[in-house]
Amino acid sequence: MSAKTQDQYLIQLDGLRFIAVALVLWDHWMPEPHQLPFGKLGVNLFFVLSGFLITRILLSSKDKTHDKEGGLGRYLKKFYIRRTIRIFPIYYLSLIVLWLLQDPSVRGKVAWQFLYASNIYIVVKKTWLGVTDHFWSLAVEEQFYVFFPLLIFFIPRRFVIPFFGILIGLSVLLRAYFQWSGQPWYVSYVTMPAALDAFGFGALMAYAQLYNPTTFQKLFTNRLFLWLSLGALAVIFVFSIQATQAGVSQDANVYINVWERFFASIFFMFLIGGAIIGYKGWFKWFLENPVSIYLGKISYGLYVYHNFVYNHYHSPATHPVVRLLNKLGRTFEDFQDMHMLRALLLFTITVVVASASWYLIEKPINALKDKYAP
């Protein structure tokens, strides 16, 4: 693909990262119930995007090292060093601060949290953790990183596409099994193997872009596939809403528990593919707007910190943001019902926190990537 297209792809993906984190924040800060699972969609978009980026990195690195002596060591060293430098610092900083503050989501659960096993804790204990609930998705990502690089390195290229297809199929079957066995909805939601269709569709995109660029161009330039996949996802949502209105519990809603992630992943695959090709018009303006690009750049910090800035269920009365919200509620009539204004205030605070984190912690540490894993 041309250098221009590559530049445009990098720019527009930052805009998509902002959309993904915005969906999560909207879900967590706006009053329930939500007709659509905005938070799930935001996380799913991150998973598909991660599947694409990680697979592209791994396949490219494999091509350079596979037939060379010590190639596996260099391949794994570069990948894990770069991932560690990007992901670990503010994750572990958050856990250490929460431990010092004696937060119950960390105290007594240190091993689960520090080993990126919070999602396994949720499945085993059949309960959520507290203010670090959202760390389950980071655990899923890290668990994916454990096995996926090795499989990519050793699987011959001719078997890569069937392998991705198997991952996608097995994840759907696993969610169906959880549904059939009567597990709570969140078991299939937070289990890493049950999320592999999202990563798998992203991986298929990466393979196509690297080795079949003509097919990639044709497939993702045609916006019909984007709209058809959106329509299919909309049908799933309609059926899900109808089931809920008919009295079907969340645990028994097969449309959301089994099929929503599958069809959402297909839609996001075409959405991301379109961004790689490059959108035009208003969507291009939105994705390449400097504000969207910046918020996409700090999206990891926004995601990590947003629950600590404010969590409706777990932030104590002594929390400074809770005290600020209560003061505004006493000062301005009906402030508690001004949900958009409250969300905007919380978003502004989170952006300030994430920006400080980016410039003081993440950006300086990220600069070490090229030194230790060029």
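This is a predicted model: local features need pLDDT of at least 70, side-chain atom pairs count only at pLDDT 80 or more; totals for chains, interfaces and linings use all residues.
## Salt bridges

The whole structure holds six salt bridges. Three of them are described here, among them a pair within helix 1.

In that pair, the side chains of R17 and D14 meet with an N to O distance of 2.6 Å. R17 and D14 are three residues apart in helix 1 (residues 3-29), so about one helical turn separates them. R17 is partly exposed, at 22% relative accessibility. D14 is buried, at 16%.

## Bridges across the sequence

D63 and R157 form a salt bridge, with 3.4 Å between the closest N and O atoms. D63 belongs to helix 2 (residues 38-65), while R157 sits in the loop between helix 6 (136-154) and helix 7 (160-180); the pair therefore ties together parts 94 residues apart in sequence. Both ends are partly exposed: D63 has a relative accessible area of 45%, and R157 has 43%.

R86 pairs with E362 in a salt bridge, and their closest N and O atoms are 3.0 Å apart. R86 is in helix 3 and E362 in helix 17 (residues 339-366), so this contact links parts 276 residues apart in sequence. Here R86 is buried, at 13% relative accessibility. E362 is buried too, at 4%.

## Helix packing

Helix 11 (residues 223-245) and helix 12 (residues 254-277) have axes that come within 9 Å and cross at roughly 160°. Angles over 145 degrees count as roughly antiparallel, so helix 11 is roughly antiparallel to helix 12. The crossing of helix 11 past helix 12 is left-handed.

## A buried helix

Helix 15 spans residues 299-309, and eleven of its eleven residues are buried. The helix is therefore largely enclosed by the rest of the structure. Its buried residues include the aromatic side chains of Y300, Y303, Y305 and F308. H306 and N307 are buried as well.

## A nonpolar surface patch

I96, W99, L100 and V110 make a nonpolar surface patch of about 350 Å². Helix 3 (residues 71-100) supplies the largest share, three residues. W99 is partly exposed, at 36% relative accessibility. Helix 3 also carries R86, the partner of E362 in helix 17.

Notes. Residues are numbered from 1 along each chain as its sequence is written. Side-chain values use heavy atoms; hydrogens and water are left out. Patches are made of residues with over 30% relative accessible area and no salt bridge: like charges are joined within 9 Å, nonpolar side chains (Val, Leu, Ile, Met, Phe, Trp, Tyr) within 5 Å. Accessible areas come from the Shrake-Rupley method with a 1.4 Å probe; for residues, only the protein chains shown count as cover. A salt bridge is a side-chain nitrogen of Lys or Arg within 4 Å of a carboxyl oxygen of Asp or Glu. Helices (H or I, at least four residues) and strands (E, at least two) are DSSP runs, numbered from the N terminus. Buried means under 20% relative accessible area, exposed over 50%, partly exposed in between (1.4 Å probe, protein chains only). Axes are lines fitted to C-alpha atoms, for helices over the stretch in contact, and angles run from 0 to 180 degrees between N-to-C directions. Angles under 35 degrees count as roughly parallel, over 145 as roughly antiparallel, 65 to 115 as roughly perpendicular and the rest as oblique. A crossing is left-handed if the near helix is turned anticlockwise from the far one by less than a right angle, and right-handed if clockwise.
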